[in-house]
Each structure stands twice: as structure tokens, then as C-alpha cells.
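Please keep the structure in view while reading the points below.

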Amino acid sequence: MNIQQLYEFCLSKKGVTDHFPFDEDTLVFKVGGKMFCLSSLKEWEKGSPSLNLKCLPERAQELRSEYEAINPGFHMSKTHWNTVCFNSDVSNKMMYELINNSYDLVFKSLTKKIQNEILEKE
């Protein structure tokens, strides 16, 4: 996966918007105004990209013990977020699954009203 594929994949999901709320480097994808994926553009340019993705606490721990490339979320809640590095032991297929999982967790946390608004727009 490259940055363009990440961008297109995330934006293909219902209700997703992209932002730079912190600085000009950190690309943030949101659904319903809540973050589900963050990535540093500078790290992509340097060849060491990673994503911060939301995860259930129990699953986050399992993934960290199973994969060298999955660590507690950098600058995020270590309980609910993982940082997943590319170019390591996480396959592209798994990366897509982790992004989908993060999106689903955040979408399900939205109010029914916001969920319905998002679903009706598509």
C-alpha cells in the first residue's frame, strides 16, 4: 500500500473526510467528526510510514504480542490506539483489515442519528 492507496481506500468509506487538524504533516481521516486513522506524511516520504488506528483494548494487546510492527499508539491513548508500521510483518491485507476495524469501531460509537445521516448521504 502506498499513500495514494491509503487515501483512496479511506475516502471510499461512507462519511469519511480528511483533515490536517494538528499540523501540515499529520493526515487525519474522520467519520462523523471522529478520528479513525492518522498518518505522518513526512514518514511516508522518508520510507517509514505508519498508521495510528483505533482498536478494542483486548484486541490491541493481542496484536501487539503477535506482530513486531504493531505498538501502542504514538501520541494517542495506549489502551485504544495502535501504531502500525508498514514494511514489516503486517501484510497489506491485514493493514486493510485493521483500517476497516478502526473505521467500524468509530462508526459504531457515533449516535444513531449521525450514523443514519451518513448512510443516507451515500
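Helix axes are lines fitted to C-alpha atoms over the stretch in contact, and the angles between them run from 0 to 180 degrees between N-to-C directions. The model discussed here is predicted.

- Strands of a sheet pair through backbone hydrogen bonds, in either a parallel or an antiparallel manner.

**Pairing between strands**

- Strand E2 (residues 26-31) is joined to E3 by six bridges, and the two run antiparallel; threonine 26 has serine 40 in E3 as its bridge partner.
- Strand E3 (residues 34-40) is joined in turn to E4 by two bridges, again antiparallel, with cysteine 37 opposite leucine 53 in E4.
- Five bridges connect E4 with strand E6 (residues 81-85) in the antiparallel sense, and asparagine 52 is partnered by threonine 83 in E6.
- How enclosed is strand E4 (residues 50-54)? Four of its five residues are buried, so the strand is largely enclosed by the rest of the structure.

**The helices H1 and H4**

- The axes of helix H1 (residues 3-11) and helix H4 (residues 92-109) come within 11 Å and cross at roughly 35°.
- The crossing of H1 past H4 is right-handed.
- On the H1 side the contact involves Gln5, Leu6, Phe9 and Cys10, which meet Tyr96, Ile99 and Asn100 in H4.
- Five of these contact residues are nonpolar, two are polar and none is charged.

**The nonpolar core**

- The largest nonpolar core contains 30 residues, and Leu6, Val31, Phe36, Val90 and Ile99 have the most contacts inside it.
- Two or more residues of this core come from each of H1, E2, E3, E4, helix H3 (57-66) and H4.
- Helix H4 supplies the largest share, seven residues.
- Which residues does isoleucine 99 touch, leaving out those up to four places away in sequence? Isoleucine 99 touches Met1, Leu6, Phe9, Cys10, Phe36, Leu51 and Leu53.

Conventions:
Residues numbered from 1 in each chain as written. Predicted model: local features only at pLDDT ≥ 70, side-chain atom pairs only at ≥ 80, totals over all residues. Heavy atoms only, no water. Buried < 20%, exposed > 50% of the residue type's maximum accessible area, 1.4 Å probe, protein only. Pairing = 2+ DSSP bridges. Left-handed = near helix turned anticlockwise from the far one by under 90°. Contact = heavy atoms within 4.5 Å. Nonpolar A, V, L, I, M, F, W, Y, C, P; charged D, E, K, R; others polar. Core = buried A, V, L, I, M, F, W, Y, C linked by side-chain atoms within 4.5 Å.
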